[in-house]
Amino acid sequence: MNMLRHKTALVTGGRQGIGRAIVDRFVAEGARVMTCGRGPRPDDLVAEVLWETTDVADKSDVDALTDRVVAEFGELSILVNNAGVQIEKTIVETTDADWDLLMGVNAKGVFMLCRDCIPIMVKGGSIINIGSISASTADPGLALYNASKAFVQGLTRSIAVDHGPAIRCNAISPGWIMTGMADAAFAVANDPDSAKLDALARHPAGRFGEPTDIASLATWLASDEAGFATGQCYTLDGGMTSASPLNPGLF
Amino acid sequence: MSHILEGKTAFVTGGTGGIGSAICKRFAREGAQVIAADLAAPAELPERVEFIAYDVTDEDICRNTFNELAARWNKLDILVNAAGIEIEKTIEDTTLEEWNRIFAINVTGMFLTSKYALPLVRKSAAASIINFGSYDGYIADPGLAAYCATKGAVHALTRAMACDHGPEGIRVNAICPGYVDTPMLQNFFGESGDIESLKKAVRDVHPTRTYGTPEDIANLVNWLASDEARYASGQLWVLDGGLSAQVQQMSL
């Protein structure tokens, strides 16, 4: 398995969950990988992966991160914008500070990373933005999160159109992936356990997704196999959004 | 060669066509046992690819083929519904006979093949069905009315099959190619005018500055067929070099 041999990758939000699964898979596929997060380097991160403590919403942090990419790798071939935050509120409940936090990471961070990284993708590159199915259909009580993911879809298409053919840019829209973020969303249900069972019954795949499922698609999109794929937002949700939300079998 | 499909069996309708033959070749290279099903045998077949004479519009042939296959194979892991035709006409110029013919191949053929393949597909521990939709199922190319309509039907059928058969462990997706360099595309370009400048104009409007090759499409079919895509179902995978990411480009 050497799909990403000779490639260099920057993955934001590599502490845990989807980001960590992507980091581990990219390493297994032969890429040199740098990742980042707001805290210190996690103890369980494999030694060969470079870590930079970074707040992607902070311009000087992002500039320092990309400077380090150039210093370590010389150039960049893969950027995965995975770092994201979720706030479980309607807009009426949302404060200005919530806006700054969420849009800072999910929207401004993606914009700044792309702005810095496109010029250092001197041999061409693949940008993969982690969007969400909630960019197209709203998850209740996640107003700003949903809107920030629609931003990601719009930016993805723009980058593909403006910076092709050298740069390919696609988004992955995960459905329910078993991470801390999904647990937080279920926690606000009246009965989290029955909410989980109901959600499960709505998945033709018969299960929720795992971070490694997303890493599989990220790897394909990062590789030369995906040479004709650009400007798309690919949904990976175990079939959930292909079925109507009104499921009489569950009544 | 990663042999990502080692131990899997695959049945590809339209298996000798532009995209179908690239798929069969890739599947065989990845270690699958492959049947290319099509109307007429090709001059040559890739290694490990077997040809079967098959007509997606004939219910008896579909039923008998899978009855016979069930005697030889104990499961079918991958079904690719790639058989399809294109009719370059507006609805006004399309005869009822032509309309019925393109629906018989592009839609009814997918229904019949999937229907009779299902008992064998169900025996796979990790089954993947891949249908051929099109970017034309979303946005129209001029003068391809019936074709566009068939691809819209394929997209809806794909979601329905994913919804109904997902709980049985069967994943169903569609690939929606944009412009791919096949005999079908050459027909669409037609004979008239300056074909080279037309081709260049078409390439230049793509963010990738090229149209696709059958191998590009086979790359995604291969991924969807493999266990790497084990969470991918019910989706329409547009693969078009970024063409549909942009609004129409005016010549200013």
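This is a predicted model: local features need pLDDT of at least 70, side-chain atom pairs count only at pLDDT 80 or more; totals for chains, interfaces and linings use all residues.
Local features require pLDDT of at least 70 and side-chain atom pairs pLDDT 80 or more, whereas totals for chains, interfaces and linings use all residues. Residues are numbered from 1 along each chain as its sequence is written, chains are lettered from A in the order in which they are written, and side-chain values use heavy atoms, with hydrogens and water left out.

Side chains of opposite charge can pair when their charged atoms come close. Over all chains, 23 salt bridges were found (a side-chain nitrogen of Lys or Arg within 4 Å of a carboxyl oxygen of Asp or Glu). In chain A, Arg68(A) is paired with Glu52(A), with 2.8 Å between the closest N and O atoms. Arg68(A) belongs to helix 2 (residues 59–73) and Glu52(A) to strand 3 (residues 50–53) of chain A, so the bridge ties together parts 16 residues apart in sequence. Helices (H or I, at least four residues) and strands (E, at least two) are DSSP runs, numbered from the N terminus. Arg68(A) is partly exposed, at 24% relative accessible area; here buried denotes under 20%, exposed over 50%, and partly exposed the range in between, with a 1.4 Å probe and protein chains only.

In chain B, Lys89(B) forms a salt bridge with Glu98(B), the closest N and O atoms lying 2.6 Å apart. Lys89(B) is partly exposed at 27%, and Glu98(B) is likewise partly exposed at 22%. A further bridge joins Glu196(B) to Lys199(B), with a closest N and O separation of 4.0 Å. These two residues are three apart in helix 6 (residues 195–205) of chain B, and about one helical turn therefore separates Glu196(B) from Lys199(B). Glu196(B) is partly exposed at 47% relative accessibility, whereas Lys199(B) is buried at 16%. Salt bridges with shared partners also link Arg25(A), Glu29(A) and Glu228(B) into one network.

Rolling a probe the size of a water molecule over the atoms shows where empty space is left. On a 1 Å grid over the protein atoms alone, a cavity is a set of points where a 1.4 Å probe fits but cannot get out, and a pocket is an open set with protein on both sides within 12 Å along at least five of seven lines; lining residues have an atom within 4 Å of a point. The second largest pocket holds about 940 Å³ of space. Its lining comprises 41 residues, with Ala82(B), Gly84(B), Ile85(B), Glu86(B) and Met184(B) nearest the centre. Among the elements giving two or more residues to this lining are helix 1 (18–29), strand 2 (33–38) and helix 4 (145–165) of chain B. Helix 5 of chain B contributes the most, with five residues. The lining of this pocket divides into 20 nonpolar, 13 polar and eight charged residues.

One cavity of 30 Å³ or more is present. Residues lining the largest cavity include Thr12(A), Val56(A) and Asn81(A). Helix 3 (residues 96–117) of chain A supplies the largest share of the lining of the largest cavity, four residues.

Trp99(B) lies in helix 3 (residues 96–121) of chain B and is partly exposed, at 32% relative accessibility.

Notes. Grid points are joined across faces, edges and corners, and a volume is the space filled by probe spheres set on the points. Ala, Val, Leu, Ile, Met, Phe, Trp, Tyr, Cys and Pro count as nonpolar, Asp, Glu, Lys and Arg as charged, and the others, Gly among them, as polar.
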